[in-house]
Amino acid sequence: MKRMNWNLKKSSIFILILLTYSHCFAQKNTISRFNFYATIGSVFNGSINSSTSNKLANETQTFSKYQDSIASSEKWRLTLSPQIGIIYKLSKDVDFQFGLGYIVLGHQRTLANLKYKDLTFPGIGSGLGNGKIIDNTNGERSINLNYRYHYLQVPLILNYHLNFRSLTPKVKIALSGGIGLNVLLKHDINAVLSTGFKIDEKSSFSLDSTGYSASSFTANMMLGTMVDYNYSKQIKFVLQPMLGYYPLSVTNKDLAAKPWFVNFNFGVIYTLDLLNK
């Protein structure tokens with residue numbers, strides 16, 4: 001009986017030592033998989049617009065001819081895009097990044113050198129002056145039309161880390177690619193009149209999105225890189241420039257719009273280091 005108790009004690013001690021060693025080994029070799037990130041992006045964005053509709057856009061032009069006539073006046077815009085999310089480590093070299101962000105895309109169109117009886121846009125002005133210049137003056141007049149699609153965006157991105165030496169071991173570089181799922185929050189057109197130019201005593205108008213009825217759900221492709229700097233054990237600074245494009249029109253009416261963007265995301269990554277001590 002004493003011998004059996006002694007053997008039981010020895011077995012218990014051995015199992016305790018084995019478990020302690022295994023626990024220490026696991027702590028030493030386990031890579032923390034969860035990383036939280038927060039970024040703010042400077043977004044250069046525009047849109048490729050087209051139309052094949054024969055419906056009338058105004059008194060004299062179909063949507064197709066109207067779009068052809070304004071194409072040369074369309075420009076890019078600059079907006080900001082905040083984003084938060086998680087980077088989950090799938091393997092040593094591959095991360096899966098998913099998050100939640102707010103992004104405003106679209107384009108700007110300038111109506112320059114406006115003269116008497118020139119067409120503007122439905123909703124600018126009232127009565128006989130709705131969508132038309134009726135004031136015969138010689139002053140220089142222009143209107144900037146800002147077409148804006150406000151999205152709640154869910155990025156789903158794979159980051160593949162490149163195994164080569166950089167200028168410093170603290171800097172890591174990865175290739176990034178994936179898609180973005182977008183839920184439309186709001187779509188509007190903001191018209192801003194040039195300095196000193198007013199219509200109905202107003203210098204700006206919030207307009208109906210005539211012809212540009214936006215889809216509630218859209219998707220885009222993204223491709224870019226990720227550069228992170230290891231500031232401390234748990235904190236990294238990150239720069240992630242991404243090129244994005246919407247292959248399908250984000251509108252479902254007479255004018256088709258396919259936004260594009262170049263987004264320079266800058267922020268921090270925080271490693272949830274529960275296992276590594």
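**View 1. Tyr 151, a buried residue.** At 0% relative accessibility, Tyr 151 counts as buried, where buried means under 20% relative accessible area, exposed over 50% and partly exposed in between, with a 1.4 Å probe and protein chains only. Tyr 246 likewise counts as buried, at 0% relative accessibility. The model is predicted, so that local features need pLDDT of at least 70 and side-chain atom pairs count only at pLDDT 80 or more, whereas totals for chains, interfaces and linings use all residues. Residues are numbered from 1 along each chain as its sequence is written, and side-chain values use heavy atoms, with hydrogens and water left out.

**View 2. Aromatic pairs.** Seven aromatic pairs are found in a search of the whole structure; rings of Phe, Tyr and Trp (its six-membered ring) pair if their centres lie within 6.5 Å, and planes under 30 degrees apart count as stacked, over 60 as edge-to-face and the rest as tilted. Tyr 151 and Tyr 246 form a stacked pair, 6.1 Å centre to centre with 20° between the planes. Because Tyr 151 lies in strand 5 (residues 143-161) and Tyr 246 in the loop between strand 9 (235-245) and strand 10 (256-271), the pair ties together parts that are 95 residues apart in sequence.

View 3. Phe 44, Trp 76 and Phe 264 form one aromatic cluster. The chain has two helices and ten strands, which are DSSP runs numbered from the N terminus (helices H or I, at least four residues; strands E, at least two). Of its 277 residues, 39% count as buried.
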